[in-house]
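Here is a short briefing for a first look at this structure. Start with the display, then read the points by topic.

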Amino acid sequence: MRPVAEHAAAVAALFAPTATEWVPLGEARGRVLAQDLVSPHPLPPFANSAMDGYAVRSADLAAVSPETPTELPVAADVPAGRTDGPALEAGTAHRIMTGAAMPVGADAVVQVEWTDGGTERVRVERAVEAGQNVRGAGGDVTAGEVVLEAGTLLGPAQVGLAAAVGSGTLPVRRRPRVLVLSTGSELVAPGEPLRHGQIHESNGPMLAAAVDDAGGRAELLRFVPDDVEQFVRTLDDALAARADDPVDLVMTSGGVSAGAYEVVKDAFTGRGVTFTKVAMQPGMPQGLGLHAGPAGEVAVVTLPGNPVSSLVSFEVFVRPALRAAFGHPQPERPRVRARLAEALDKPAGRRQFRRGRIDAVAGTVAPVGGAGSHLLAALARADCLIVVDEQVTHVDAGETAEVWLLDG
Ligand SMILES: Nc1nc2c(c(=O)[nH]1)N[C@H]1C(S)=C(S)[C@@H](COP(=O)(O)OP(=O)(O)OC[C@H]3O[C@@H](n4cnc5c(N)ncnc54)[C@H](O)[C@@H]3O)O[C@H]1N2
Ligand code: MOO
Ligand SMILES: [Mg+2]
């Protein structure tokens, strides 16, 4: 059987780094910046008041105290946004609001609480030092400074900073586009009634959600029965329809094992896709390669049909490769070690990915459900994968294991 790492490297090699596209700021969250972002101007762009109060010359108030207050004429009113504020004459004050530009000639702001709040004249009860309550131009960012480096993952703060330096659009790495196609004659769309022998199609919606969650762009095709001709036609029609915005990956589920109706295997064998057994559980039967579709060659990964097998295979092989393709700074799930809350047994020869729940405070992890690759409810309750190596057959409670955090 093929080692997990070897298959992971082969899946990663299917992806080319994605190109750059420009997106409006509102679509930038979760994307990776493609070029350094340089601020064309300083931040703050101009010296401004940090308080609602009165702009003054600190020297005019040197002798002021609560016992010896002074009164200054209020010569101007400077709300935030005023662009034509006059200069401050010695011995006067300007009423000023937070964020308003400091008048030329003023070097400090007396907050309104230290005054009587007057509009014609203002009584000031305390002295201020030069620079007090003034936010200097460029105190945050200087003109020409790189504020965000290429490769930065854009979260709320980064989007805010980009807006603050005046960027309405940003160059980001394109999200890999993934077509998801499930197979199985037993499948019925969720929402439709089941007959005995049928199940609802769950891999497609699950894998499409996993692609989007990883930062890719999923398109879920209508699942097909175990019919080679219908499978190939559905796939090629979908690829032809997307010829001008090519697909980065076709990801199928089901039809790759040892049975009599292995539609994916039958359709792709001898046509660029190779099928292997990987030394892992779940997720043993895997396939990958290049399909000569109507719009050119397209990368293909075929995941096993058992629901837990398909999502675990996605986690182990596709997710890190997909994220690396668009330059995500953290392609892999965070990995920690935790003490097992109960003992685990497994067969030798395959690396096991058991579903678990972690208690980060206690540093322990508890298996959720058994090893069966149909146990979707247990997967949905899990927040981590417990990784037990190929050669290990038993882990005692209290021993540590590698854990992949699925929420990270
Ligand atoms: N004789 C052998 N049988 C099996 C072997 C083997 O080595 N020899 N391997 C087992 C392992 S391990 C796995 S994993 C599965 C993989 O099978 P396939 O990829 O061919 O998947 P299917 O047979 O089509 O389906 C398996 C299972 O999953 C359900 N399924 C499939 N698609 C969906 C879907 N879209 N939504 C929900 N559930 C789905 C399907 O009904 C089956 O129960 O093969 C083992 N067998
Ligand atoms: O390897 Mo299969 O993926 O166990 O269920
Ligand atoms: Mg099937």
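Two strands pair if DSSP finds at least two bridges between them. Helices (H or I, at least four residues) and strands (E, at least two) are DSSP runs, numbered from the N terminus. This is a predicted model, in which local features need pLDDT of at least 70, side-chain atom pairs count only at pLDDT 80 or more, and totals for chains, interfaces and linings use all residues. Residues are numbered from 1 along each chain as its sequence is written, chains are lettered from A and ligands numbered from 1 in the order in which they are written, and side-chain values use heavy atoms, with hydrogens and water left out.

**Confidence**
- The chain has a mean pLDDT (the predictor's confidence in each residue, from 0 to 100) of 97, and 100% of its residues reach 70 or more.
- The model's ipTM is 0.98 and its pTM is 0.93.

**Domains**
- The domain assignment (bounds come from an automatic or database source) gives domain 1 (4-19 + 174-325), domain 2 (21-39 + 148-173), domain 3 (48-135) and domain 4 (335-405).
- The centres of domain 2 and domain 4, taken over C-alpha atoms, are 38 Å apart.

**Strand 12**
- Six of the six residues of strand 12 (residues 177-182) are buried. Buried means under 20% relative accessible area, exposed over 50%, partly exposed in between (1.4 Å probe, protein chains only).
- One side carries Arg177, Leu179 and Leu181, the other Val178, Val180 and Ser182.
- Strand 12 pairs with strand 15 (residues 217-220) in the parallel sense, over four bridges. Arg217 in strand 15 is the bridge partner of Arg177.
- Strand 12 also pairs in the parallel sense with strand 16 (residues 249-253), over five bridges. Here Ser253 is the bridge partner of Ser182.

**Salt bridges**
- The structure holds 19 salt bridges. Each is a side-chain nitrogen of Lys or Arg within 4 Å of a carboxyl oxygen of Asp or Glu.
- Arg177, Arg217, Glu219, Arg242 and Asp245 are linked in a network of them.
- Glu315 bridges to Arg333, with the closest N and O atoms 2.8 Å apart. Glu315 lies in helix 6 (residues 307-325) and Arg333 in the loop between helix 6 and strand 21 (335-340), so the pair ties together parts 18 residues apart in sequence. Glu315 is buried, at 9% relative accessible area. Arg333 is buried, at 9% relative accessibility.
- Asp383 bridges to Arg357, with the closest N and O atoms 3.9 Å apart. Asp383 is buried at 12%, whereas Arg357 is partly exposed at 45%.
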